[in-house]
Amino acid sequence: MSDAAGWFAPAGDKLAVEEGDRLSPKFDADGLVTAVAVDAGDGEVLMLAHMNAQALALTIETGFAHYYSRSRRKLWKKGEESGHLQRVVELRIDCDQDAVLMRVEMAGSGAACHTGHRSCFFRSVPLGAPPSPELKLTVNDGGKLFDPQQVYGTPGKTDTPRF
């Protein structure tokens with residue numbers, strides 16, 4: 001693949017970015033855009049991550065989700081180690097082109113989260129109570145779809161790093 005930044009149109013004026021027909025991602029100061037992956041079938045939010053120009057270019061080119069890990073400072077293909085690949089069915093960009101939304105089909109167990117849950121958003125925060133150290137989260141799914149220890153082996157080594 002050639003220089004990933006060359007894949008995208010240079011940022012134009014506000015109207016061109018917000019309503020034009022050219023992909024001109026607005027990368028932040030760290031060179032990243034926010035990326036949200038949702039299940040192509042039921043629309044459930046599976047994960048939120050970030051992409052640099054190379055990750056976005058590889059996602060477009062290959063049809064599989066690639067991300068940039070802020071904590072490890074490296075590019076990664078979702079599911080490369082675990083087999084939980086994300087095949088991109090549709091890629092959308094928001095109005096000011098600083099976030100992407102991907103409709104994906106999950107391979108493997110169907111879990112997107114490195115903890116074994118289907119979605120990284122597997123817990124709910126109770127509303128209406130004042131915030132406190134005792135505030136308890138509620139698990140909102142049917143449980144883990146795989147055992148992270150069996151998939152990743154070493155504790156702390158994960159396919160999906162913390163962002």
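The structure holds 3 aromatic pairs, where rings of Phe, Tyr and Trp (its six-membered ring) count as a pair if their centres lie within 6.5 Å, with planes under 30 degrees apart called stacked, over 60 edge-to-face and the rest tilted. The model is predicted, so local features were considered at pLDDT of at least 70 and side-chain atom pairs at pLDDT 80 or more, while totals for chains, interfaces and linings use all residues. Residues are numbered from 1 along each chain as its sequence is written, and side-chain values rest on heavy atoms, with hydrogens and water left out.

One of the aromatic pairs is formed by Phe 8 and Phe 27, whose ring centres are 6.2 Å apart and whose planes meet at 55 degrees, so the pair is tilted. Phe 8 belongs to the segment before helix H1 (14–19) and Phe 27 to the loop between H1 and S1, so the pair ties together parts that are 19 residues apart in sequence. Helices (H or I, at least four residues) and strands (E, at least two) are taken here as DSSP runs numbered from the N terminus. Phe 8 is buried at 11% relative accessibility, whereas Phe 27, at 25%, is partly exposed. For these labels, buried means under 20% relative accessible area, exposed over 50% and partly exposed in between, with a 1.4 Å probe and protein chains only. Another tilted pair is that of Tyr 67 and Trp 76, with 5.1 Å between the ring centres and 40 degrees between the planes. Tyr 67 is buried at 0% relative accessible area, and Trp 76 is buried at 4%.

Tyr 67 also belongs to strand S3 (residues 66–69), which is covered on both faces: His 66 and Tyr 68 on one side and Tyr 67 and Ser 69 on the other are all buried. S3 runs antiparallel to S4, and 4 bridges join them; strands are treated as paired if DSSP finds at least two bridges between them. Within this pairing, His 66 has Lys 77 of S4 as its bridge partner. The two strands make a hairpin with 4 residues between them, and Arg 73 in the turn has a positive phi of about 55 degrees. Lys 77 additionally lies over the face of Phe 64, at 5.2 Å from the ring centre; a charge is placed over a ring if NZ of Lys or CZ of Arg is within 6 Å of the ring centre and within 35 degrees of the ring normal.

Turning to the open sheet, 4 strands are arranged in the order S2-S1-S6-S5 with mixed pairing. Strand S2 (45–51) and S5 stand at the edges with a single partner strand each, so one side of each is left without a neighbour in the sheet. Neighbouring strands of this sheet are turned by 25 degrees against each other on average, direction ignored. Strands S1 (residues 33–39) and S6 (residues 99–106) run parallel and are joined by 6 bridges, and Val 38 stands opposite Arg 103 in S6.

Helix H2 (residues 53–62) lies across S2, S5 and S6 and runs at about 125 degrees to S2. Axes are lines fitted to C-alpha atoms, for helices over the stretch in contact, and angles run from 0 to 180 degrees between N-to-C directions. Ala 53, Ala 55, Leu 56, Ala 57, Leu 58 and Thr 59 are buried in H2, and the buried residues of this helix pack against S2, S3, S4, S5 and S6. Contact here means heavy atoms within 4.5 Å. At the N-terminal end, Asn 52 caps H2 through a side-chain oxygen 3.2 Å from the backbone nitrogen of Gln 54. Gly 63 follows H2 and has a positive phi, near 80 degrees.

Two loop residues complete the picture. His 84 sits in the loop between strand S4 (74–77) and strand S5 (86–93) and is buried at 4% relative accessibility. The side chain of His 84 makes polar contacts with the side chains of Ser 82 (3.0 Å) and Ser 109 (3.1 Å). A polar contact is a pair of N or O atoms within 3.5 Å; within protein, one must be able to donate a hydrogen and the other to accept it, and residues adjacent in sequence count only if both atoms are side-chain atoms. Gly 116 is found in the loop between S6 and strand S7 (123–124) and is buried at 0% relative accessible area. The C-alpha atoms of Gly 116 and Lys 144 are separated by 4.7 Å, although these residues are 28 residues apart along the chain.
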